[in-house]
Amino acid sequence: MTLWFVFALMTVAAIFAVLWPLSRRGRADSGGSEVVVYRDQLAEIDRDMASGIIGAAEADAARIEISRRLLAAADQSGRDAPVTGSLTLRRAAAIVALVGVPVIASGFYLALGSPRLGDFPLVERSRVADANQPLANLVAQVEAHLEKNPTDGRGWTVLAPVLSRLGRYDDAVRAYRNAITYAGETADRRADLGEALLGSAGGVVTADAKTEFERAVALNGDDAKANYFLGLAAEQDGRKADAAALWQKMLAKGPSDAPWRPLVQAALVRVGGTVPAGVSAPALPDGAMAAAKDMSEADRGTMIQGMVDRLATRLKTNGDDVDGWLRLVRAYLVMGERDKAISAQADARQAVANNADRLRQLNEGLKNLGLDG
Amino acid sequence: MIAESGHYALVLALALALIQSIVPIVGARWRDAALMNVARSTALAQLLFVGASFAALVTLHVTSDFSVANVYENSHSLKPLLYKITGVWGNHEGSMLLWVSILALFGGLVAAFGNNLPLSLRAHVLAVQAWVASAFYLFILITSNPFLRLANPPLEGRDLNPVLQDIGLAVHPPMLYLGYVGFSISFSFAVAALLEGKIDAAWARWVRPWTLMAWIFLTLGIAMGSYWAYYELGWGGWWFWDPVENASLMPWLAGTALLHSALVMEKRNALKVWTVLLSILTFSLSLLGTFLVRSGVLTSVHAFATDPTRGVFILLILFVFIGGSLSLYAWRAPALKQGGLFAPISREGALVLNNLLLTTACATVFIGTLYPLALEVLTGEKISVGAPFFNFTFAPLFVPLLLAVPFGPLLAWKRGDLLGAAQRLMVAGIAALVAIAVVLAWTYGGATLAPLAIGLAAFVIMGALCDLAERIALFRIPLSLSLRRARGLPRATWGTAFAHAGLGVALIGIVCETTWNSEYIGSMKPDDVAKVAGYELRLDGLNPRQGPNFREMVAQFTVTRDGDKVSVMTPSKRNFTTRGASTTEAALLTRGASQLYISLGDTSADGAIAVRIYHKPLVLMIWWGPVLMAFGGMLSLSDRRLRVGAPKPAKSAARALQAAE
């Protein structure tokens, strides 16, 4: 409320700046004129001559020149139209100010501003963090610690997956690199680094990410994550047969209760490969796969449900996140809850309706999910 | 609330600027005093609101409010307070906000101190100022808004580019912008004169001091930037003919020409139309500079902002303002009153020569900077135009200019006596010859051009002193009388002498540094000794150290000369974890005007470190020169007398006079 009050005061001040001169009755304030300047110049010549800067002959020549200009200027100013005042014009200008200033200001501000967001300076933020955001606060502490002890490999190893899960992929990439440098190279770390690179590239297996996966496979040929993403890289390159071959090999070699099985099977279906008999089950969001690795079927179901619920709650409070909406819709679809998916889709459309760019992005994403055409 | 209030203040400033663009013009058209006076209060209110907006952004940076995207992207909570503040303009959005703040400041100054301007001229000037301001407010709000928010503020910011975490950032951009934007005043005056169709004496009286002020800031800004690049980038170079540097040099050259032609106009009422054109060109070049730096069309050491939509928007602003003002000039200039007459050999004539040479020099820089860009756009071919091009084109233009500099102040207004001036410069000529001989003898067998250049510099410096000596009749009348006359000399005269001497000083620095610079490049292990220019530098060791937001590796060198310990130098390499970037902090040891310069390279596996050591003779004179020029400018600016150039009376009426334009 205070904010709108401040805005109103500022607007009034701005309008006042325009109205004030209009309200003053036309004083004979016509400003300086050419004649005055020439008169001053004539006086200056006398002073210069008195202090010996110019000689008498030069002074005379200058005086003649300036006098000539002075006469011309006086002549000219006599012919200029006098300054007047027109009530109609002033009223028009006043209306322009009264209407224009608030309209322009609110038009731009409402389109660009975020009036509902309060300030969030560092001091306040760390206080809030203590009470409500233990994880975030912890991350900050670990980061501060690592800032001062950058060679603490264990610290980086702990921090990296957390950053990755928080969506801070760029930082996660750096953390994994440091973990590899200071805590040694393992296939898991290489694969995780590749995954973080993938996250920072918005899901595209970049050349850098691919190199990391290849290194991981070189260290451990059976590394599931690396193999899966190498398949994905092949798929993204358009080499669907290669992808299918890779994934089929994984399914054939891997343990039958491996948590990644459903994911790989779903991917295999996507590229048109033949799936060995089995369940075709949910494709988890990439980040969760690692976490879901060591869980039982029931635990995993609960975990997924919890994640989806959290996502849904977050999107209710902040609807700008197009990717989030798409993830939610996809999750409902793979969980077989088509009704919820459709209602989420409607919610998403509503949430981003006032932003054409996001709406387009959303629609494209939905089309890819095959929900509507 | 601070962030949103700052945002709203900026939007209100736009609304006020739009009103200020139209209402005063209407008022001037119908000669309504009240409407014309609207310009004044809106300009002041605009300054208030933009100032508030800028203050809000500074506050957000200082309190590390990462819910503001701009703060998150360019700040870090561990950054020292100074860099939190300077970081405000160390990024694209913030620097554009600084740009418009300064624009509003100048508008406010005209509004506050423009009482002695004719009412309609003031209304026009402020309206034109508001056009420029509106364009840039729109640019900021639409493409580079510093007040955009993040709904879920991250815990830590991404930190400022480490190269910019330096005291240089506190001084260089504000100075440069004060210069760039200061020229907007002369631009607004020029366009106002064209709109009004007349240039009166009040116009002339106003343009020169404003131009001078902008010029002083630009001079200091460029010099500061050059020194910053010298010590921060670690290459030991001070001018790279980089497009971004050229972008600031072009307005400086045009501005210097403008300064001199405005002088002729104020004192002699001549060269009016030319001054109007130069005003337009100078500010156009400032806009071009802004475009080159801010659009990211260049890939250079300075280009840290890139986004094509911004580029197109600034290009549009550029076309509208440059194209519009030049069209207006073509249309209205013929209607302007012609100015006074003068002979080719006269003070005016000398200043015309100065203008010709400076604008030509500016044109060569322009071509050298934009030709590669144009070629890349048209053919896709990437070429780089570097120092050789500029040395071959720029230098030959500056030599005659420098030769002519001492003559100018010695010539009389309206009709001068070249022979007389040459006689009075005899002392300077002799001093130049002596300097050439001494330098040649000292560096026998070395470079041949360098001694000549030193001679030229000596000529310029002595010429400036000769002018002073002439005015106070030194050695011709008793010394006490001369001193009294010296006190009585207008400060503007002293200013001219200082500024011209500054040119010579800078030239000496440039020549010495480029010709007699000695260096040692190699890798050193602890206790190794390098010998450079008579100094012995021993690497004592390498020590790691923890800074507030970086770690650094500090090398310690003990400098001795002939066995006597001179000093200890500690260059370092800093690593900034947040950005994963590193910077080189060169160590400088100043001995008189010369400097020893050490910068560190990479460490190799066997514990050796790559080291570059330079001895740069008289290098500091490169920057003392511009400082001297700026000091001269300030002296001249502080001289509030009316300027009248008293003409030399004609001896015979038969002498032909040249038209001014």
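Q: In which loop of chain B is F475(B) found?
A: In this predicted model, F475(B) is found in the loop of chain B that runs between helix 17 (449-471) and helix 18 (479-488). F475(B) has a positive phi of about 65°, although it is not a glycine.

Q: Why is F475(B) called exposed?
A: The relative accessibility of F475(B) is 72%, and the term exposed applies over 50%, so F475(B) counts as exposed.

Q: What is the phi of L271(B), and where does the residue lie?
A: Phi of L271(B) is near 60°, a positive value in a residue other than glycine, and L271(B) lies in the loop between helix 9 (243-268) and helix 10 (272-295) of chain B.

Q: How do you know whether L271(B) is buried or exposed?
A: Its relative accessible area is 4%, and buried means under 20%, so L271(B) is buried.

Q: Why is T63(B) called neither buried nor exposed, but partly exposed?
A: T63(B), found in the loop between helix 2 (33-62) and helix 3 (69-74) of chain B, has a relative accessibility of 31%. Since partly exposed covers the values between the 20% limit for buried and the 50% limit for exposed, T63(B) counts as partly exposed.

Q: Which residues is T63(B) in contact with, leaving aside its neighbours within four places in sequence?
A: With those neighbours set aside, T63(B) is in contact with P121(A) and L122(A). Within chain B, T63(B) and G90(B) are 27 residues apart in sequence and 17 Å apart in space, C-alpha to C-alpha.

Q: What makes S325(B) a buried residue, and what does it touch?
A: S325(B) has its place in helix 11 (residues 308-332) of chain B, and because its relative accessibility is 5%, against a limit of under 20%, S325(B) counts as buried. Not counting residues up to four places away in sequence, S325(B) touches F187(B), V191(B), L194(B), I280(B) and V320(B).

Q: What makes D46(A) and R63(A) a salt bridge?
A: The side chains of D46(A) and R63(A) meet at 2.9 Å, N to O, and the rule asks for a nitrogen of Lys or Arg within 4 Å of a carboxyl oxygen of Asp or Glu, so the pair qualifies as a salt bridge. The pair links distant parts of the chain, with D46(A) in helix 2 of chain A and R63(A) in helix 3 of chain A, 17 residues apart. D46(A) is partly exposed, with a relative accessible area of 40%, and R63(A) is also partly exposed, at 24% relative accessibility.

Q: Why is the pair of K414(B) and E65(A) said to join two chains?
A: K414(B) lies in the loop between helix 14 (407-410) and helix 15 (418-424) of chain B, while E65(A) lies in helix 3 of chain A, so the pair joins two chains. The side chains meet in a salt bridge at 3.1 Å, N to O, and the limit for that name is 4 Å.

Q: How do you know whether K414(B) and E65(A) are buried or exposed?
A: K414(B) has a relative accessible area of 16% and E65(A) one of 10%; because buried means under 20%, K414(B) is buried and E65(A) is buried.

Q: What makes E4(B) and R149(B) a link between distant parts of the chain?
A: Their side chains meet in a salt bridge at 2.7 Å, N to O, with E4(B) in helix 1 (residues 2-29) of chain B and R149(B) in the loop between helix 6 (119-143) and helix 7 (167-196) of chain B, 145 residues apart. E4(B) is buried, with a relative accessible area of 0%, and R149(B) is buried, with 11%.

Q: Which residues do salt bridges that share partners join into one network?
A: The network consists of E65(A), R69(A), R268(B), E348(B) and K414(B).

Q: How many residues of each chain are in contact across the interface, and how much area is buried?
A: 71 residues of chain A are in contact with 80 residues of chain B, and the area buried between the two chains is about 6300 Å², of which carbon and sulfur atoms give 65%.

Notes. Residues are numbered from 1 along each chain as its sequence is written. Chains are lettered from A and ligands numbered from 1 in the order in which they are written. This is a predicted model: local features need pLDDT of at least 70, side-chain atom pairs count only at pLDDT 80 or more; totals for chains, interfaces and linings use all residues. Side-chain values use heavy atoms; hydrogens and water are left out. Contact means heavy atoms within 4.5 Å. Buried area is the accessible area (1.4 Å probe) that two parts lose on being put together, summed over both. Helices (H or I, at least four residues) and strands (E, at least two) are DSSP runs, numbered from the N terminus. Buried means under 20% relative accessible area, exposed over 50%, partly exposed in between (1.4 Å probe, protein chains only).
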